[in-house]
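Please take me through this model stop by stop, saying what to select in the viewer and what is found there.

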Amino acid sequence: MGDIEAPNSSQPRPSILLSVLPSKEFASSRKGMLLIAEVALSFVSFVCFAASTAAAFVTVPLLEFLAALFLLFAYSTKFNERFKGFLWPLMDFMRCVTASIIFFIISIIAVSKYVDGSSKAAGIFGFIATIVFALDFYLIFNELASFLKQGGESNDEPSRQQDEYSDSDSD
């Protein structure tokens, strides 16, 4: 009868959590940092709205958190390269545009209409999320515009081309 709890404790096991986290290269890229900031701000805004009297607005941060988390996973595991049928940069652009507009609207309402502290905090984090989402859609728009000016001759997505250019500029 062997020890059930530790059959082979001498061999190091790879952590499941490390296989889910984005790679260091992607996390240090501009797109990776923006997606991580979007995930974090959406989650904090979700928690603040859930704890406030403005709980009716909890759906928007939750949906944006899940969408940003999905795209963080898709870009970090190169899932987007396996499915060429989707227009990933356009989908990401539309997500950022709608998120920035809706976060701006619900943040104004949360700050101006509700008096409790968690509603005010949710509004402030919503304004910061608005800035991050707006910066992301501005950068995506510039990438798409330069891609379309080139005539779209390359098979690479615009976000991949921009990452390659920014990596070569820093060398």
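## A buried charged pair

Select K31 and D92: both are buried, where buried means under 20% relative accessible area, exposed over 50%, and partly exposed in between (1.4 Å probe, protein chains only). This is a predicted model, in which local features need pLDDT of at least 70 and side-chain atom pairs count only at pLDDT 80 or more, while totals for chains, interfaces and linings use all residues. Residues are numbered from 1 along each chain as its sequence is written, and side-chain values use heavy atoms, with hydrogens and water left out.

Now show the side chains of K31 and D92. They meet in a salt bridge, at 2.3 Å from N to O; the term stands for a side-chain nitrogen of Lys or Arg within 4 Å of a carboxyl oxygen of Asp or Glu. K31 lies in helix α3 (residues 30-50) and D92 in helix α6, so the pair ties together parts that are 61 residues apart in sequence. Helices (H or I, at least four residues) and strands (E, at least two) are DSSP runs, numbered from the N terminus. Side chains of opposite charge can pair when their charged atoms come close.

Are D136 and R95 buried or exposed? D136 is buried, with a relative accessible area of 1%, and R95 counts as buried at 9%. Over the whole structure, the search finds six salt bridges.

## The nonpolar patch

Move to F104, in helix α6 (residues 88-113). F104 is partly exposed, with a relative accessible area of 40%. Select I101, I102, F104, I105 and I108 together to see a nonpolar surface patch of about 420 Å². Patches are made of residues with over 30% relative accessible area and no salt bridge; like charges are joined within 9 Å, nonpolar side chains (Val, Leu, Ile, Met, Phe, Trp, Tyr) within 5 Å.

Select C48 and C96. C48 counts as buried at 14% relative accessibility, and C96 is buried at 0%. How many disulfides are there? The count is zero, a disulfide being a pair of cysteine sulfur atoms within 2.5 Å.

## Annotated spans

The unreviewed UniProt entry carries the annotation "transmembrane region" for residues 58-75, 96-115 and 121-141. Such annotations may be inferred rather than shown by experiment. Residues 58-75 are 94% helix and 0% strand, with end C-alpha atoms 26 Å apart. For residues 121-141 the end C-alpha atoms lie 30 Å apart, and the span is 100% helix and 0% strand.

## The whole chain

Finally, select everything. The chain has eight helices and zero strands. Buried residues make up 37% of its 171 residues. The accessible surface comes to about 10600 Å², of which 69% belongs to carbon and sulfur atoms, by the Shrake-Rupley method with a 1.4 Å probe; for residues, only the protein chains shown count as cover.
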